[in-house]
Amino acid sequence: MYFLEKAIAFLLATIALVLAVVPKAAFAQTDEIQVYDAEIEDQGKFNVMLHSNFTPIGRTTADFSGGIIPNNSVNGAVEWAYGVTPWFEQGLYLPVYTAYSQGRGGSLNGFKIRELFVRPNAHDRAFFYGVNFEFSVNYKYWEPKRITSEVRPIVGLHLHPVDIVFNPIVDTEYTRGFGGLEFVPATRFAYNFNDKWAVAAEEYSDFGPLRHFYPAHDQFHEVWAVMDHESKIVNIEAGVGLGVTADADRVTLKLMLSRDLN
């Protein structure tokens, strides 16, 4: 009971702080809602993770003509990962999918390839870092551009029992050169009860192009309350996200299930 009270207090305090500083935003559906912490699969190990995100209260129009309508949609991906070396993990998202969306039902939305490079043994280090490169091939109703990519640097601290992780992500649609790079950072504050259970507050943002950020009322910011549990059978990450602007999807849920295959 003492741990539960500390967890609730930690989440409420962090979410209150984030809500106090974030401006208005716009929101978009995604297959993956996750902050990377530089931990990778052991060399020679395969892992599979199922991402699933449900938007029970969302926008009723698509971001672009012919796009998926977020309200009541279920989106996600199957992520396959292989530990190549102690510092390199190869990943594949196949398929990226929509299980349901208004007027469309289910659909396949493309695939992604990623290469994750990290400082080895991140879990055991006070300071950890890495960088992830992701290359996406999208169907026209998922993104307006066929080919997109992201570069996701990773920096963080293990302060025992608190973790602080920052992903200063940059996205590109391969248009307008460096002027088209978009800053979409993600942040996580976690409290670890032990090596099996943790709770966290996460924040996801889109500030717009690096060359010229969007006005505050056009930016995207959302906050999440998250629970993590690790076991020998399956690892679970579940959370609820709240849009903090009038144009954002009001409520989004995420569930991530993963386990090693060998």
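Tutor: Start with the term itself: a salt bridge here is a side-chain nitrogen of Lys or Arg within 4 Å of a carboxyl oxygen of Asp or Glu. Side chains of opposite charge can pair when their charged atoms come close. Keep in mind that this is a predicted model.

The structure holds twelve salt bridges. One of them joins Arg 59 and Asp 63, with the closest N and O atoms 2.4 Å apart. The two partners differ in cover. Arg 59 is buried because its relative accessibility is 15%, and buried means under 20%. Asp 63 has a relative accessible area of 44%, so Asp 63 is partly exposed.

Now go to Lys 254. Its side chain meets that of Glu 202 in a salt bridge, 2.9 Å from N to O. Lys 254 sits in strand 15 (residues 251-260) and Glu 202 in strand 11 (residues 197-206), so this pair ties together parts that are 52 residues apart in sequence.

Lys 254 has another partner. Glu 237 forms a salt bridge with Lys 254, and the closest N and O atoms are 2.8 Å apart.

Arg 188, Glu 202, Asp 228, Glu 237 and Lys 254 are linked in a network of salt bridges.

Next, the chain around that network. The protein chain has one helix and 15 strands. Of its 262 residues, 48% are buried. Take the contacts with a separation of 6 or more: residues 24 or more positions apart account for 55% of them. The accessible surface comes to about 13,100 Å², and carbon and sulfur atoms hold 64% of it.

Glu 150 lies in strand 6 (residues 147-158). Its relative accessibility is 11%, so Glu 150 counts as buried. Beyond its neighbours within four places in sequence, Glu 150 is in contact with residues including Asn 132, Phe 133 and Ile 169. The C-alpha atoms of Glu 150 and Ile 169 are separated by 6.8 Å, though the two residues are 19 apart along the chain.

Asp 124 is placed in the loop between strand 4 (107-118) and strand 5 (127-138). Asp 124 is at 66% relative accessibility, and so counts as exposed. Together with Glu 39, Asp 195 and Glu 230, Asp 124 forms a negative surface patch.

Finally, check the backbone. Most residues other than glycine have a negative phi, and most peptide bonds are trans. His 160 lies in the loop between strand 6 and strand 7. Its phi is near 45 degrees, a positive value. A cis peptide bond joins His 160 to Pro 161, with omega about 15 degrees. His 160 is exposed because its relative accessible area is 62%. The bond from Leu 94 to Pro 95 is cis too, with omega near 0 degrees. Pro 95 is found in strand 3 (residues 88-100). Tyr 174 has a positive phi, near 60 degrees, and is found in the loop between strand 8 (170-172) and strand 9 (182-183).

Note on methods: Residues are numbered from 1 along each chain as its sequence is written. This is a predicted model: local features need pLDDT of at least 70, side-chain atom pairs count only at pLDDT 80 or more; totals for chains, interfaces and linings use all residues. Side-chain values use heavy atoms; hydrogens and water are left out. Patches are made of residues with over 30% relative accessible area and no salt bridge: like charges are joined within 9 Å, nonpolar side chains (Val, Leu, Ile, Met, Phe, Trp, Tyr) within 5 Å. Accessible areas come from the Shrake-Rupley method with a 1.4 Å probe; for residues, only the protein chains shown count as cover. Lys and Arg count as positive and Asp and Glu as negative; His and the chain ends are not counted. The place of a charge is taken as NZ of Lys, CZ of Arg, CG of Asp or CD of Glu. Helices (H or I, at least four residues) and strands (E, at least two) are DSSP runs, numbered from the N terminus. Buried means under 20% relative accessible area, exposed over 50%, partly exposed in between (1.4 Å probe, protein chains only). Contact means heavy atoms within 4.5 Å.
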